[in-house]
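I opened a new model today and kept notes as I went. Here they are, in the order I looked things up.

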Amino acid sequence: ILLKPYDQRKAYLASVLFLVAPFNLAFFLVTTDTPLFLFSFLSAFLLFKAENERRYLCYLLSGVFLGMAFLSKYFAVMLGFSYALYFLSARKTAHRIKGFLLLVLGTLPFVAQNALWNYHNGWPNIMHNWVNRLKRDPNPAVNLLCLGLFLLYLMTLPVVQFLFERRSAVLRLLRQESLRLFVLISLVPVCVFIATAFRKSIGPHWYVSFLPFVFVVAALVLDAEHLVRCIRFSLVFSLIQSCIVLAA
């Protein structure tokens with residue numbers, strides 16, 4: 001639905017590529033993050049729809065789903081950062097400013113509920129994320145290497161290779177106001193994780209809720225032939241992975 005107006009065939013190929021990605025066959029390891037994945041995608045999809053169709057209701061619903069993603073896991077904050085960068089870099093029209101305010105309005109009740117619950121229960125969520133999760137790890141080189149390998153696994157080698165080869169097209173996409181959102185959602189978390197890796201090891205599942213937008217960007221900048229080659233690689237790699245898991 002999201003990519004159909006641009007290229008129906010590539011929209012289909014991108015969805016198939018995401019479904020056969022190796023991570024989806026290992027999804028049972030992080031099923032507790034399912035609400036985060038679902039609500040993050042719905043929020044970004046509705047924001048894109050709001051920007052293209054100029055519908056205030058979609059801005060509000062995007063904020064609601066962002067708030068629900070925040071209640072699912074604090075990683076949704078990086079989705080909020082991506083939105084903030086998007087609105088800061090976009091033209092400031094009256095319609096867009098009102099839409100941004102509606103998005104914030106939709107998110108606020110969920111943030112307030114979380115803050116109120118933490119206030120009455122000794123701030124356990126905050127303590128866990130800012131004390132336990134961010135304990136210093138004195139191996140930045142190892143952390144960065146592991147982060148690179150995790151991202152390579154999640155996106156798959158052909159997708160990373162083809163996106164790197166078409167990096168000029170990705171930069172052009174970044175300059176297109178209507179499609180910049182997907183590039184920012186893909187890149188902002190990576191930049192945050194790279195900075196964090198100098199102090200802390202990064203889990204492979206931290207980036208998963210932003211992964212669908214990498215495939216959206218791939219569909220926008222790669223040819224259909226490249227997408228087919230990526231699908232073939234993922235099918236073989238996923239089959240090998242499945243055999244190893246079943247054997248174990």
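**Entry 1: helix 9**

Which residues of helix 9 are buried? Before answering, I reminded myself that this is a predicted model. I found Pro158, Val159, Phe162 and Leu163 on the buried list for helix 9. They sit on the same side of the helix, because they cover an arc of only 125 degrees around its axis.

Next I asked what the buried residues of helix 9 pack against. My list came out as helix 1 (8-19), helix 8, helix 10 (167-175), helix 12 (211-221) and helix 13 (224-247).

**Entry 2: the residue just before**

I stepped back to Thr156, which lies in the loop between helix 8 (140-155) and helix 9 (157-165). Is Thr156 buried or exposed? Thr156 has a relative accessible area of 2%. Buried means under 20%, so Thr156 counts as buried.

Then I wanted to know which residues Thr156 is in contact with, leaving aside its neighbours within four places in sequence. I noted down Pro22, Leu151, Phe233 and Ser234.

**Entry 3: helix 1 and helix 12**

Two of the partners of helix 9 were helix 1 and helix 12, and I checked how that pair meets. Helix 1 and helix 12 pack at an angle of about 145 degrees, and their axes are 9 Å apart. I logged the crossing of helix 1 past helix 12 as right-handed.

Which residues make the contact? From helix 1 I wrote down Lys10, Ala14, Leu17 and Phe18. From helix 12 I wrote down Pro212, Phe215, Ala219 and Leu220. Sorted by class, this contact has seven nonpolar residues, one charged residue and no polar ones.

**Entry 4: zooming out**

How many helices and strands does the protein chain have? I got 13 helices and zero strands.

Of the 248 residues in the chain, 45% count as buried.

Terms used: Residues are numbered from 1 along each chain as its sequence is written. This is a predicted model: local features need pLDDT of at least 70, side-chain atom pairs count only at pLDDT 80 or more; totals for chains, interfaces and linings use all residues. Side-chain values use heavy atoms; hydrogens and water are left out. Helices (H or I, at least four residues) and strands (E, at least two) are DSSP runs, numbered from the N terminus. Buried means under 20% relative accessible area, exposed over 50%, partly exposed in between (1.4 Å probe, protein chains only). Contact means heavy atoms within 4.5 Å. The arc is that of the directions from the helix axis to the C-beta atoms. Axes are lines fitted to C-alpha atoms, for helices over the stretch in contact, and angles run from 0 to 180 degrees between N-to-C directions. A crossing is left-handed if the near helix is turned anticlockwise from the far one by less than a right angle, and right-handed if clockwise. Ala, Val, Leu, Ile, Met, Phe, Trp, Tyr, Cys and Pro count as nonpolar, Asp, Glu, Lys and Arg as charged, and the others, Gly among them, as polar.
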